[in-house]
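Please look at the sequence and the model first, then go through the points below by topic.

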Amino acid sequence: DDNSIEEVLMVHVLEHLGQSTEIYFGIWKELYRIWKDNALIKIIVPHHKHEFFFGDPTHVRAITPLGLELFSKKKNLEWIESGFSNSPLGIQLDIDFDLIKTVVKPSRDWFNLHPEEKEKINLSRLIEESKLYDNLIEEYTFTLKAIKETWSQKKNTLAKLSPALYNLPVIRTILDQPSKKQINITINLPL
């Protein structure tokens, strides 16, 4: 049912789904449809630069922090306003998830390289070195929150994205007198 789920746990699932972009986006749209506002999803996946990811031929999609942030309308708007070229998937797909927490699990290789960090991990060092070397981070744990916009918030998003469209009389009439039916307005942004 729509808006019925409050919490989801996906452990080593998402990297196996959505080899095609269309299917991957469909999964996210369906998850968004069934989640309540502020529902939480916890996703655990292998790090894309670890042998646990690339050694398994059934792993078809790398799940990364940036890849998940593409589904955040807040981030999309920030990137558009800053002139960044990140794909505004949250806006394009009319879904909205905030990435609220990212946890990395260092691998044995990390601790073999840096035995002094068994008690306390230097996270920035781990992240920087994992950009250069494989197998340092074993897995990610992400927590996302579903954001369901109110009618007023949708109008404000449209006004920010396309003031010219928003101010057309026919659009203003539709937006200012919404019926009980859902109205979907899709804006195709140049990529």
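Predicted model: local features only at pLDDT ≥ 70, side-chain atom pairs only at ≥ 80, totals over all residues.

Leaving out neighbours within four places in sequence, Trp28 touches Leu14, Ile43, Leu68, Phe71, Ile95, Phe97 and Leu144. Trp28 is also one of the residues with the most contacts inside the largest nonpolar core.

**Overall layout**

- The chain is built from 10 helices and 4 strands.
- Read from the N terminus, the order of elements is β-α-β-α-α-α-α-β-α-α-β-α-α-α.
- Of the 191 residues in the chain, 39% are buried.

**The nonpolar core**

- The largest nonpolar core contains 34 residues.
- Leu14, Trp28, Trp35, Phe97, Phe142 and Leu144 have the most contacts inside this core.
- At least two residues of the core come from each of β1, α1, β2, α5, β3, α6 and β4.
- The element that gives the most is α1, with 6 residues.

**Helix α1**

- Helix α1 covers residues 21-34 and has 14 residues.
- From its first C-alpha to its last, α1 reaches 20 Å, close to the 20 Å expected at 1.5 Å a residue.
- Which residues of α1 are buried? They are Tyr24, Ile27, Trp28, Leu31, Tyr32 and Ile34.
- An α-helix has 3.6 residues a turn, so residues three or four places apart point the same way.
- The buried residues of α1 are covered by elements that include β1, β2, α3 (65-69), β3 and β4 (137-146).

**Aromatic residues**

- The whole structure holds 9 aromatic pairs.
- Trp35 is buried, at a relative accessible area of 0%.
- Phe97 is buried too, with 0% relative accessibility.
- One aromatic cluster is formed by Tyr24, Phe25, Trp28, Tyr32, Trp35, Phe71 and Phe97.

**Charges over rings**

- Arg61 places its charged end over the ring of Tyr24, at 4.2 Å from the ring centre.
- Lys148 has its charged end over the ring of Tyr32, at 4.3 Å from the ring centre.
- Tyr24 and Tyr32 are both members of the aromatic cluster, and both are among the buried residues of α1.

- Trp110 lies in helix α6 (residues 108-113).
- Is Trp110 buried or exposed? Its relative accessibility is 0%, so Trp110 counts as buried.
- Apart from residues up to four places away in sequence, Trp110 touches Glu117, Ile121, Asn122, Arg125, Leu126, Glu129 and Leu136.
- The side chains of Trp110 and Glu117 are joined by a polar contact of 3.5 Å.
- Trp110 and Asn135 are separated by 25 residues in sequence, while their C-alpha atoms are 7.8 Å apart in space.

**Glu138, a buried charged-type side chain in β4**

- Glu138 is part of strand β4.
- With a relative accessibility of 17%, Glu138 counts as buried, because the limit for buried is under 20%.
- Setting aside neighbours within four places in sequence, Glu138 is in contact with Pro46, His47, His50, Phe52, Lys105, Pro106 and Ser107.

**Residues with positive phi**

- Most residues other than glycine have a negative phi.
- His12 has a phi near 50°, a positive value in a residue that is not glycine.
- His12 sits in the loop between β1 (5-11) and α1 (21-34), where His12 is partly exposed at a relative accessible area of 33%.
- Asp94, also not a glycine, has a positive phi of about 55°.
- Asp94 sits in the loop between α5 (89-93) and β3, and at 31% relative accessibility Asp94 counts as partly exposed.

Methods: Residues numbered from 1 in each chain as written. Heavy atoms only, no water. Phe/Tyr/Trp six-rings, centres within 6.5 Å; stacked < 30°, edge-to-face > 60°. Buried < 20%, exposed > 50% of the residue type's maximum accessible area, 1.4 Å probe, protein only. Lys NZ or Arg CZ within 6 Å of the ring centre and 35° of its normal. Expected span 1.5 Å × (residues − 1). Contact = heavy atoms within 4.5 Å. Polar contact = N/O pair within 3.5 Å; in protein donor to acceptor, adjacent residues only side chain to side chain. Core = buried A, V, L, I, M, F, W, Y, C linked by side-chain atoms within 4.5 Å.
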